[in-house]
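Hi everyone, thanks for coming. Let's take a few minutes to walk through a structure together, one piece at a time.

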Amino acid sequence: MSMLSLKAISGGPDHKRVLDNISLDFGPGLTGLIGPNGAGKTTLLKTMMGLIVPEAGTLTLGNKDLSALSLRQRAQQIAYLPQNGPVHWAMRVHDLVRLGRFASTTTRQEDEMAVMDAMRACAIEGFAARPITTLSGGERSRVLLARALAAQTPILLVDEPTNALDPAQQHRIMGILQSRAKAGVCVICALHDLPLAARYGDRLVFLDKGQIKEDGPPGTVLTATSFHKTYGLVFDKRGYLNDESTLP
Amino acid sequence: MSRFFIIAGVGLILLILISLMLGDYPLGPAQLLDALFQHGDPARRLIVWQIRLPRTLLAIMVGAGLGASGAALQGYLRNPLADPGIVGISASAGLGAVIALYFGLTAISIWVLPGAAMAGAGLAAAVLMVLARGRASITSVILGGVALSSLSVALTALLMNLSPNPWALSEIAYWLMGSVADRSFAELAFAAPLILGGIAVLMLSAPALNALGLGEEAAHSMGVSLHRTGQLVVFGTLLCVGAGVAVAGAIGFIGLVAPHLVRPFFGARPGALILPSALIGGILLLAADILARTLSGPGTPLYLGVTTALLGAPFFLYLVIKNRRAFP
């Protein structure tokens, strides 16, 4: 079942051609977007969110053209968590998560239930009244994720959610995304950490220079050949990935 | 939250009473009540109804407009140091008024000066709205505002420089220092609807200002139109600050300080600060006016803009030192 569909998408910010003829269909489950820096992962997420208007190609949400939807209608369908998103004010955790309901048309009570669900899913209900500035990096990431979850959209776009987090926190974040994916949400997540991508992704899309290099289950995408082709890395005798020029 | 409104409300009522009793001809509480209900000495009634009441209400109105627009601008620009001065609307309104004073147009009608100030503010707002169009970054609005403000200040200085005589120069200089002295209900009737309308427009932007606290991209993805939010904030500020400068001259620091005073009670969401900042802005400006009147000597009035800056700047420094760890 296709929830979000891209056909021959090309373009990027400021009329740069970062994405080159991308066609993809996304359904329920967790899709990891992987690839080197500058591959176009963030540009692809922003294009799907409508933050970047593509130069060519079409984006369809269900059976509707994305560009025909209003900002609010789009926000009711897709939630986006930017990479290292700023928080400009020392907002209380509950107030911040509540912002996730900005585009909702539901009652106050339903909004509050969605906020509580999101806070429970991210295990942050214990510090709902605390200002975000008093939290640790891992807690802060979970609060920002809860804001995106609170929107209860069928599609969730997440950009590098595990950046700068310790391994336990990384697994916590990925676990939350995985449970949403299992509940039928289409989660598309840009990731640099390949072991995490392999562990949690139902499907991986390997991007390089704005093009799709591989697309499929982790086992078929994360191969010695794809590492070598894209990152210039090879497995050494111990099984570690290494730059080929440094090997004896 | 409700405790804040009760304390602030009681404080405002007390200040209004003090403001009505205080002056060259002091009134006791009983005399004030008599005069308010149109009893007793006609001279006292005249003083209360024609001189002190319009001045008091105007100070509250102008302060409320400055406080509300300060809160909205800090939220929109996501900068706790923002105030109506930073985006150039105050300075442009001041320039409009100074042009009217310089060319002696104020003799034509009492409405020329406020009209010219509103026109100056409107011109600045139009430039800011063009800058806020499309997907332009909010930084371009700040930078454009700073440029507008500098240009207006420079042109004002030029007009003062070219002043034909010392009397014209002093008229401009005193006007720029801000005052609500000798204002009538006519000025109040001009400014109050504009300022109240401005606060209502700013309130429309409140939910979007909260969302903007998570950055432009996150806010845009959540359904916030940056363009519409910018227009609401600029138009609301134009109404509040343009009308304020038009009737009371340039008054600084209220817009900067008011949101910082209410933040501890209402959390950090900028949208939730607009109304409380309006209330505190009104209280602050009335208190500053009472102080200016108390400290003024015979023949040497202390101007309101001077008092607000003298009180506001050290107080603001104290707030910054006290809260330096709370800024994210």
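Let's begin with one pair of residues: A:Phe206 has A:Glu214 as its bridge partner in β10(A). Keep in mind as we go that this is a predicted model. The two strands involved here are β9 (residues 203-208) of chain A and β10(A), which run antiparallel and are joined by five bridges.

Now look at A:Phe206 again, from another strand. In β9(A), A:Phe206 stands opposite A:Ile34. That brings us to β3(A), which runs parallel to β9(A) and is joined to it by four bridges. What about strand β8 (residues 186-190) of chain A: how many bridges join it to β3(A)? Five, and these two strands run parallel. One pair to find on your screen is A:Leu33, which stands opposite A:Ala190 in β8(A).

Let's step back to the whole sheet. It is an open sheet of six strands in chain A, in the order β6-β7-β8-β3-β9-β10, and the pairing is mixed. Which strands stand at the edges? They are β6 (78-81) and β10 (211-216) of chain A; each has a single partner strand, so one side of each has no neighbour in the sheet. On average, neighbouring strands of this sheet are turned by 15° against each other, direction ignored. Helix α5 (residues 137-150) of chain A lies across β6 and β7 (155-159) of chain A, running at about 170° to β6(A).

Back to β3(A) for a moment. Why do we call this strand largely enclosed by the rest of the structure? Because six of its six residues, 29-34, are buried. A:Gly29, A:Thr31 and A:Leu33 point one way, while A:Leu30, A:Gly32 and A:Ile34 point the other way.

In the largest nonpolar core, which has 144 residues, A:Val97 and A:Leu177 touch the most other members. The largest share of this core, 15 residues, comes from helix α3 (residues 42-77) of chain B.

Last stop: A:Lys46, in helix α1 (residues 41-49) of chain A. Is this lysine buried or exposed? A:Lys46 counts as buried, because its relative accessibility is 18%, and the cut-off for buried is under 20%. Its side chain makes a polar contact with the side chain of B:Glu217, at 2.6 Å.

Notes: Residues are numbered from 1 along each chain as its sequence is written. Chains are lettered from A and ligands numbered from 1 in the order in which they are written. This is a predicted model: local features need pLDDT of at least 70, side-chain atom pairs count only at pLDDT 80 or more; totals for chains, interfaces and linings use all residues. Side-chain values use heavy atoms; hydrogens and water are left out. A nonpolar core is a set of buried Ala, Val, Leu, Ile, Met, Phe, Trp, Tyr and Cys residues joined through side-chain atoms within 4.5 Å. Buried means under 20% relative accessible area, exposed over 50%, partly exposed in between (1.4 Å probe, protein chains only). A polar contact is a pair of N or O atoms within 3.5 Å; within protein, one must be able to donate a hydrogen and the other to accept it, and residues adjacent in sequence count only if both atoms are side-chain atoms. Two strands pair if DSSP finds at least two bridges between them. Axes are lines fitted to C-alpha atoms, for helices over the stretch in contact, and angles run from 0 to 180 degrees between N-to-C directions. Contact means heavy atoms within 4.5 Å.
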